Amino acid sequence: MAGLGITIQRIEKSQGVARRPGTGRRMTGGYDERCAADLAAVCDGRDLSREDRTWLARVVTGAVRPNRDKPLWDLAHALAALARGTEAASGRDLVTLALDPGLATAAAVTARFSGTVVADARGPVLGEAWRTSWAGLARLLALAEFVLTAEDLAQFAAVTGWLDELAAAPDAEGAAFLAKRLARHLSAYRNAHLPLAPLERRFRAILGFLAGRKAFTDDDILTFWRGEMEAGERPGFRTVAEHFVTFEAAAHLIGGLEGLSAPVSLDAHAGWEERLDAALGDLAAAEPAEALAALLADWPEGPKILTGAEREELTDLLRLDPFHRTRPLTTLRAASFGQVQSGIANRLRRGGGGGEVAERATCAEARSYAALQERAGALAAHLARMLRIAAALRIAERDGLDPETRAVLEAAEADLRRMRRSGFEDRAALARGFAAAETALLRLAAETGRLERALAGLARQRPLDAAFAADRSLFAAAFAAAYAGEAAA
Amino acid sequence: MSEDARLLAEIHAARVLTRARPSAARPSHAALWAHANREPGAPVDLAVVRALRSDPEAARRYRTLLGAQAVAHALLAAAASDGALTRRRVGPFELEILEGTPPLLILRGPDARMPRRIEAWLGDEAVRLDLGEPVDGTILLALDPAVAEADRLGQMLRDPACAVFLL
């Protein structure tokens, strides 16, 4: 069994799964469960927008340039300004402001502080030449809650003590001192809860593999993965594809950072900051991945618009967003052979026998690309039908409509009568259920439609059966070599 | 390149982190903080009170918040004692129960910052009372048996396992 444990740890290590020293908790994707829970407490408690959630996650992981600590510097100055403006007598008053979920939006922050904090047309003035927007102040308060409550409140008393000191002397010096303390605090937090080294190693390997190129092909992803498999790293194909999603999204930032280590004028520095901030901000705004995954994970209770199995299939096909519309071949590879590989990894984790590993490694059970295309088409058709039903439930008054629209709605009524799904019996409850799911349904139907079209485009260029057969021998060979030891066990 | 790889790793972690959706701890920090700052006798959030009684993890988080803003606190009586306790230290403060009718709680300490309230915890039970103004560095509180909370505070303080927060 000890050998098995080592095998599992080797697999997990190669997939970027680290274990937290001491507790042995698994850490996937560069963060541990504590970090995810700390962040969720702040985001859910304040009901933050997606943009603000992404901003906060970015600040926590350190994806801020040129200086990771800039948001903490801003926060310290914002707290000093609030201490002066609101006459906060003690750290406790500042904690109350930081923990107040009613101060989570620009509008709420404006309403509360526009009379008490020095401000101009653009927002609060936090010091000489030190300013932010009202939305920026709302974000900084979310960051304040994070630094106060991080590690499930382990440092709460210490940080409250620092705020006490700031409240006693809320001047520039006090703010600068607090900024340094907060920077050390968050840096220690990252060391404990964000094991980025395996991710960094993999990105360094990808950068080396691409040798300065910023564009890559589906076959580049496959070739890179095979190289890692041969080198004994054995990362999941999906994991590698995920890294390429990030690489593609951030490729335009690459190379631009080197100049920053050289001394630059303050103006140039500010310019860089704006560009990078804007670029990272765009990345966040244009980052639909969490939305799709979250849509499926948080699907509202109610009528069975999607069954559990349908949601799982959609999650699997859309997990590499935006590749489902831009790189259908990688999407198929991940859904077919990535699935086989995660089956092998799960099998090994649970202590499965060698015979089964060998059997799985042949990819005999892999879902063919044609079958996946057909499934994607069926799911797209189902979602489109559900959208028409949503319209029929919403539009009761149809007299003024053109005949074509009326016909579509009538067809939807017929579909609705044929549906044999739980929750579809009571029309009033069904209408409420569809209303609750409408936004999610629209987006999911649109994305699944785009997947369907991308797959059709791929099939025209490259017959799917031939592509599948060729890929199967590549993946089977890679699995057979990489898992030979376990298969023979 | 190494700086590029680092930034990509940070962005990647931020991406997957925003996708992870663990359920947040309940009650929220804000709700626990509001409870920690409540006026004695003021209406309370019953969901919070229930959580503090039934969920040891919520109680632990609450006491962390309370301890951080307390003038002084002690989770146990410092000195072991046989039988009921009539004297204990909480940080720089000394609490003494003077038996009589009614018993009196005497709180002495440094003049600099006297607490305004006391909250005592024993098991899953809590009592919070206003302390009143100090006179010559001493606060006197009658533990009147006719006032349920004051009476209960007196009984709890006599138990060495009682946690005391001076707020």
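Predicted model: local features only at pLDDT ≥ 70, side-chain atom pairs only at ≥ 80, totals over all residues.
Me: Which residues point which way from β5(B)?
Reply: B:R117, B:E119 and B:W121 point one way, while B:I118, B:A120 and B:L122 point the other way. Residues on both sides are buried, B:R117 and B:E119 included.

Me: What cut-off is behind "buried" there?
Reply: A relative accessible area under 20%.

Me: OK, pairing. How many bridges join β5(B) to β6(B), and do they run parallel or antiparallel?
Reply: 6 bridges, and the two strands run antiparallel. Strand β6 of chain B covers residues 125-130.

Me: What stands opposite B:L122?
Reply: B:E125, in β6(B).

Me: And the turn of that hairpin, how many residues between the strands?
Reply: There are 2 residues between β5(B) and β6(B). In this hairpin B:G123 takes a positive phi near 60 degrees.

Me: What about β8(B), how many bridges to β5(B)?
Reply: 4 bridges, again with an antiparallel run. Strand β8 of chain B is residues 163-166, and its residue B:L166 is the bridge partner of B:I118.

Me: Zooming out, what is the order of elements in chain B?
Reply: From the N terminus on, α-α-α-α-β-β-β-β-β-β-β-α-β. That comes to 5 helices and 8 strands.

Me: Is chain B compact or spread out?
Reply: Chain B is more spread out than a compact globule, because its radius of gyration is 21 Å, well over the 15 Å that the globule rule gives for 167 residues. The C-alpha trace spans about 75 × 35 × 30 Å along its principal axes.

Me: How much of chain B is buried?
Reply: Buried residues make up 50% of the 167 residues. The accessible surface of the chain is about 7700 Å², with 55% of that belonging to carbon and sulfur atoms.

Me: And what share of contacts comes from residues 24 or more positions apart?
Reply: 60% of the contacts in chain B with a separation of 6 or more.

Me: Charges in chain B, how far apart are the mean positions?
Reply: 7 Å, taking the 21 positive and 22 negative charges.

Me: Switching to chain A. Where does A:R427 lie?
Reply: In helix α21 of chain A, residues 427-461. A:R427 is partly exposed, at 41% relative accessible area.

Me: What does A:R427 touch?
Reply: Leaving out residues up to four places away in sequence, A:R427 touches A:A392, A:L393, A:R398, A:E413 and A:L416.

Me: How far from A:R406?
Reply: The C-alpha atoms of A:R427 and A:R406 are separated by 19 Å, with the two residues 21 apart along the chain.

How values were computed. Residues numbered from 1 in each chain as written. Chains lettered and ligands numbered in written order. Heavy atoms only, no water. Rg over C-alpha atoms; globule rule 2.2 N^0.38 Å. Buried < 20%, exposed > 50% of the residue type's maximum accessible area, 1.4 Å probe, protein only. Contact = heavy atoms within 4.5 Å. Areas by Shrake-Rupley, 256 points an atom, 1.4 Å probe, with all protein chains shown as cover. Lys, Arg positive; Asp, Glu negative; His and termini not counted. Charge placed at Lys NZ, Arg CZ, Asp CG, Glu CD. Pairing = 2+ DSSP bridges.
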